[in-house]
Amino acid sequence: MNRRTALGLLLGGAAQASAAGAWAEGLIASAIPKPRPADLHKRALPAGEALVAASGLTGHVSYAVSPSAGGEMYEVHEPLLRLPPASVAKTVTALYALHHLGAEHRFVTRVLASGPVVNGVVQGDLVLVGGGDPTLDTDGLGMLAGKLREAGITGVKGQFYVDDTALPRIEEIDGAQVEYAGYNPTISGLNLNYNRVHFEWKRQGEDYSLKMDARAERYAPDVRIARISVAARDLPVFDHVAGQGRDEWTVARGALGNGGARWLPVRLPGLYAAEVFQAVAATQGVRLPQGQRKAMGGTEVARIESAPLSLVVRDMLKYSTNLTAEVIGLTASRARGLAPATLAASAQAMSDWAQSALGMRHVALVDHSGLGGASKVTTVDMVHMLSAPGVEATLAPLMKPIPMRDAKGNVIQNSPVSVHAKTGTLDFVSALAGYADAPGGGRMAFAIFAADVPRREAAKAAGAEERPEGARTFNTRAKKLQQALIERWAGVYAG
């Protein structure tokens with residue numbers, strides 16, 4: 001074997017050994033892949049700032065989220081922006097009322113007699129006295145009239161009065177709303193059917209039949225206190241003039257179509273309740289003269305009570321009834337010994353209480369319902385309130401469930417994420433605040449506000465109708481962002 005052959009064999013063997021060693025090492029290393037980081041799925045979730053940027057929302061977005069038991073914030077975005085909370089303000093009102101009135105508080109509506117009853121006739125005057133009950137409806141007045149009949153009363157020798165002075169009379173909640181918004185009624189100490197009247201119309205040939213009534217489930221008496229006629233115009237849709245002892249409405253012929261129905265606000269709530277009580281009493285054999293407003297005393301002959309305040313609050317949060325929020329807020333302020341004559345004064349008292357009792361440093365509300373766009377609060381303050389001691393146990397059971405939805409807006413069945421919260425919507429304002437339960441049992445308190453205040457103010461200045469152009473799109477995008485943020489937090493901060 002010559003030298004070249006021996007050297008070739010030697011080098012070849014070394015190369016084979018080296019290759020075999022490298023192959024063996026590679027085999028050993030690749031057989032067990034390197035473990036992925038434990039939080040890889042969390043890293044894959046889009047950041048909150050990226051979700052905001054992708055939302056397409058104009059104006060400002062603010063959010064904050066923390067453990068529901070308090071502690072350091074998990075995440076915030078523009079946390080000190082003071083934005084309109086819309087109906088999320090009702091959560092503050094709920095706590096304010098429950099704290100100062102108690103969960104078992106009931107609103108009472110009474111009938112007083114100023115003289116004895118002889119042969120079924122009150123020898124004096126009869127007085128319907130409101131206690132501010134925001135849930136009183138026509139059926140409730142029917143029940144009250146039935147109690148009069150059970151007491152043997154069939155008539156009155158004197159006058160029939162209504163006393164609506166339990167709360168100050170406030171013409172409307174927010175003057176910036178359209179005049180015919182049923183969610184912006186007059187407030188008083190006697191509130192019936194949320195101080196709304198039901199308007200129904202049907203085409204009959206070239207004309208229309210028009211009907212105004214105070215409908216509930218059992219009773220639906222026609223009313224004279226509110227009248228309406230058709231006007232040959234396209235806009236405004238409705239116009240209102242305060243007549244002599246009644247509300248005079250006109251409606252644009254161009255807006256009626258073939259038929260429909262809607263609720264209109266009542267601006268004379270005391271006289272409205274008097275007329276309806278007279279009507280339902282007559283069906284039960286109790287004859288009353290036309291009612292007049294007057295505060296006076298007497299002996300109680302009948303009464304009805306509302307459900308406990310806890311249930312009133314639960315329904316207010318579920319259906320977002322503005323009148324309920326204003327009434328319970330005003331009543332709570334009065335229970336503190338205050339005498340606010342306006343919603344703004346009562347809301348200021350509530351804001352001051354929220355600062356001292358709930359740690360809300362930047363809250364400035366102009367009403368109790370959130371209908372006024374001038375109210376301002378930060379998302380951090382909302383989360384501080386939601387995570388304050390005792391608040392979750394009080395508020396969370398009264399909040400309505402918010403379903404999780406997919407990208408197409410369909411409800412996700414059996415979603416592992418559970419949300420109980422309060423929504424809030426105004427033109428170019430969308431808010432959501434409450435509690436989210438993530439998989440694994442981690443509960444979070446959160447608040448998300450989106451608002452384009454300049455667009456909202458421009459729409460109001462232009463005299464836009466109930467839904468100005470672009471408002472629906474803004475709201476849809478805001479709701480998608482809310483869902484996306486909650487999905488992110490449920491994934492990142494699961495228990």
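**View 1. Strands E18 and E19 form an antiparallel pair joined by 9 bridges.** Strands (E, at least two residues) and helices (H or I, at least four) are DSSP runs numbered from the N terminus, and two strands are said to pair if DSSP finds at least two bridges between them. Within this pair, His-420 stands opposite Tyr-435 in E19. The model shown here and in the views below is predicted, so that local features need pLDDT of at least 70 and side-chain atom pairs count only at pLDDT 80 or more, while totals for chains, interfaces and linings use all residues. Residues are numbered from 1 along each chain as its sequence is written, and side-chain values use heavy atoms, with hydrogens and water left out. On its other pairing, E18 (418–426) is joined to strand E17 (residues 400–401) by 2 bridges, again in the antiparallel sense, and Lys-400 has Ala-421 in E18 as its bridge partner.

**View 2. Phe-428 takes a positive phi in the hairpin of E18 and E19.** The hairpin has 2 residues between its strands, and Phe-428 is found in this loop, between E18 and strand E19 (429–437). Most residues other than glycine have a negative phi, and most peptide bonds are trans. Phe-428, although not a glycine, has a phi of about 65°. Phe-428 is also buried, with a relative accessible area of 2%, where buried means under 20% relative accessible area, exposed over 50% and partly exposed in between (1.4 Å probe, protein chains only).

**View 3. Asn-193 is a residue other than glycine with a positive phi, near 55°.** Asn-193 lies in the loop between strand E8 (160–163) and strand E9 (196–204), and it is buried, with a relative accessible area of 5%.

**View 4. Strands E11, E13 and E12 make an open sheet of 3 strands, in that order and with mixed pairing.** Strand E11 (226–231) and strand E12 (238–242) stand at the edges with a single partner strand each, so one side of each is left without a neighbour in the sheet. From one strand to the next, the twist averages 20°. E12 pairs with strand E13 (residues 247–252) in the antiparallel sense over 5 bridges, and Val-241 has Glu-248 in E13 as its bridge partner. In the loop between E11 and E12 lies Pro-236, which is joined to Leu-235 by a cis peptide bond with omega of about -5°.

**View 5. Helices H7 and H8 cross at roughly 140°, and their axes come within 9 Å.** Axes are lines fitted to C-alpha atoms, for helices over the stretch in contact, and angles run from 0 to 180 degrees between N-to-C directions. Helix H7 (residues 309–319) and helix H8 (residues 322–335) are therefore oblique to each other, given that angles under 35 degrees count as roughly parallel, over 145 as roughly antiparallel, 65 to 115 as roughly perpendicular and the rest as oblique. Leu-309, Val-312, Val-313 and Met-316 in H7 meet Thr-324, Ala-325 and Ile-328 in H8, where contact means heavy atoms within 4.5 Å.

**View 6. Ser-351 lies in helix H9 (residues 343–358).** Ser-351 is buried, with a relative accessible area of 0%. Leaving aside neighbours within four places in sequence, Ser-351 is in contact with Val-363, Ala-364 and Leu-365.
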